[in-house]
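Here's a quick walk through one model, heading by heading. Keep the viewer open as you read.

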Amino acid sequence: MSEVYENTTVVIIGAGVAGLTLGNFLLRSGIDCIIVERRDREYVEQRQRAGVIDTRAVRMFREWGIEDRVLGGDPVAPVLNFRIDGETRPLEFVSDDQNDGRFCPQQVLVRNLIDVFISDGGDLRFEAEVSLENVAGDAHPRVRYRDSADATKVLSCEFVAGCDGDRGVSRAAIPSASLTRYSHEYGYAWLTVLAEVPANHQSMMALHPRGFAGQFARGPHASRFYLQCPLDTSTSQWTDERIWEELEIRFGEPVANTGRIVSTQLVPLRSVVYSPMSYGRLYLLGDAAHIVPPMSAKGMHLAMYDAEVFAKAVIHYQTGDSSLLDSYSATCLRHVWNYQAFAAWWTELVHNAGDDSYQGEFRRQTARADLERLFESGEANRLFGGFITGLN
Ligand SMILES: Cc1cc2nc3c(=O)[nH]c(=O)nc-3n(C[C@H](O)[C@H](O)[C@H](O)COP(=O)(O)OP(=O)(O)OC[C@H]3O[C@@H](n4cnc5c(N)ncnc54)[C@H](O)[C@@H]3O)c2cc1C
């Protein structure tokens with residue numbers, strides 16, 4: 001079996017938000033890189049997840065000169081409607097800073113990042129199932145995969161950027177004694193629902209004794225819905241009819257548009273941090289290094305933050321100074337723990353204020369009181385401001 005050897009500066013494993021953002025920043029800085037992705041292009045471009053790009057991220061793409069080419073969508077509306085026991089309580093955006101946040105589904109961002117990377121001459125290889133060699137110590141790491149013509153490719157590089165999500169091979173290549181996992185399980189899951197119907201509201205969240213529900217527009221013809229549910233439920237238990245009924249009960253209003261449900265998925269809510277975020281010449285970015293519960297809408301933003309910190313560190317390394325690479329993990333972890341703190345507080349507050357079967361009625365009442373204070377003091381508006389700017 002033939003083996004083809006190639007050299008580059010950075011091999012990026014995974015063409016998600018972290019890998020593609022990093023690839024574009026390196027390419028624009030004249031640094032050689034190759035992105036290898038396990039899935040085919042169509043799959044990657046259609047994977048639906050997040051829907052909002054916060055102000056920090058919009059400005060980051062602006063500073064790197066690609067905002068207009070990678071971001072689509074409308075500005076984020078300055079109001080998020082809460083339904084609490086059937087009554088609407090609007091949260092309005094209040095911030096000292098300008099809101100530049102955009103409604104731009106993650107798959108649109110991913111598609112645009114791929115287009116820009118390839119049209120600017122980037123090297124992106126799909127359907128590459130990789131394995132890692134030599135990541136410990138100072139020797140140059142190697143990334144090996146078999147291509148569609150069944151030839152084995154061996155990519156030798158200075159650095160590997162592990163951007164392959166929570167179940168990838170990068171983190172698995174680090175010996176467990178060299179990595180600490182910190183985690184918190186919330187005890188419930190979200191049923192995430194994608195439907196081909198326009199949303200009643202651009203965004204709405206409901207707190208209800210049967211559990212949390214959320215709805216978010218995903219363009220003019222599609223909506224994303226979330227339903228809190230027990231961990232031991234299965235998607236087969238949730239027929240389309242049951243989903244629409246449950247949404248109406250929790251929102252306390254008719255769902256004006258019911259239609260085809262395209263996909264459902266169960267996401268257990270949890271917070272996870274791996275530390276340190278590097279090992280030898282292997283660096284972990286995005287979901288490979290940390291998971292935040294989707295309630296906080298910050299997972300994609302953490303991935304983009306890591307990508308920028310790592311890109312700047314590699315650029316700086318070209319001047320002969322490795323200090324930013326040496327501090328990469330500490331820099332990112334400071335930011336990650338800050339977002340984890342916000343995500344854990346917000347997730348527990350909103351879920352405890354609804355269904356009392358997890359933490360009990362005492363906790364439900366204190367969560368309600370906390371929320372009421374947030375609304376009445378105007379603090380909730382400032383919180384929402386920080387939430388969509390990403391600058392808190
Ligand atoms: C239902 C849901 C809703 C969410 N909502 C939000 C939100 O509103 N806001 C927000 O900011 N975040 C949200 N998130 C989180 C966000 O989607 C993730 O944090 C983000 O995708 C992380 O980006 P990433 O690039 O690190 O990983 P991924 O996007 O998972 O990309 C990893 C890539 O690596 C590839 N890969 C995996 N293994 C290998 C391998 N062995 N070799 C090569 N390639 C490999 C994968 O195919 C994938 O393309 C949500 C997540 C979910 C599940």
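## The open sheet

Met 205 has Gly 214 in β13 as its bridge partner. Helices and strands here are DSSP runs numbered from the N terminus (H or I, at least four residues, for helices; E, at least two, for strands). Strands count as paired when DSSP finds at least two bridges between them. Bear in mind that this is a predicted model, where local features need pLDDT of at least 70, side-chain atom pairs count only at pLDDT 80 or more, and totals for chains, interfaces and linings use all residues. Residues are numbered from 1 along each chain as its sequence is written.

Zooming out, the open sheet has eight strands in the order β5-β4-β12-β13-β14-β11-β15-β18, and the pairing is mixed. Its edges are β5 (87-92) and β18 (290-291), each of which pairs on one side only. Helix α9 (residues 328-352) packs on this sheet and touches β11 (180-195), β12, β14 (223-230), β15 (261-275) and β18, with its direction at about 130° to that of β15. Contact means C-beta atoms, placed from the backbone, within 7 Å. Axes are lines fitted to C-alpha atoms, for helices over the stretch in contact, and angles run from 0 to 180 degrees between N-to-C directions.

## A strand covered on both faces

Now for strand β2 (residues 33-36): Cys 33 and Ile 35 on one side, and Ile 34 and Val 36 on the other, are all buried. Buried means 20 or more other C-beta atoms within 10 Å of the residue's own, exposed means 12 or fewer, and partly exposed is in between, with C-beta atoms placed from the backbone.

β2 runs parallel to strand β1 (residues 3-13), joined by four bridges, and Val 10 stands opposite Cys 33. β2 also runs parallel to β7, with three bridges; there, Val 36 has Arg 125 as its bridge partner.

## The core and the ligand shell

The largest nonpolar core holds 103 residues, and those with the most contacts inside it are Val 11, Leu 22, Ala 161, Leu 285 and Phe 310. Helix α7 (residues 299-317) gives the largest share of this core, eleven residues. Such a core is a set of buried Ala, Val, Leu, Ile, Met, Phe, Trp, Tyr and Cys residues joined through C-beta atoms within 7 Å. Leaving out residues up to four places away in sequence, Val 11 touches Ile 34, Val 36, Val 143, Leu 155, Cys 157 and Val 160.

Helix α7 turns up again around the ligand, giving four residues, the largest share of the shell. The shell has 34 residues, and the closest are Gly 14, Gly 16, Ala 50, Gly 286 and Gly 299.

A cis peptide bond joins Ser 275 and Pro 276, with omega about -5°; Pro 276 sits in the loop between β15 and β16 (278-279).

Glu 127 isn't a glycine, yet has a positive phi of about 55°. Glu 127 lies in the loop between β7 and β8 (130-133). Ala 297, also not a glycine, has a positive phi of about 50° and is found in the loop between β18 and α7.

Note on methods:
Two residues are in contact if their C-beta atoms, placed from the backbone, lie within 7 Å. A residue is near a molecule or strand if its C-beta atom, placed from the backbone, lies within 6 Å of it.
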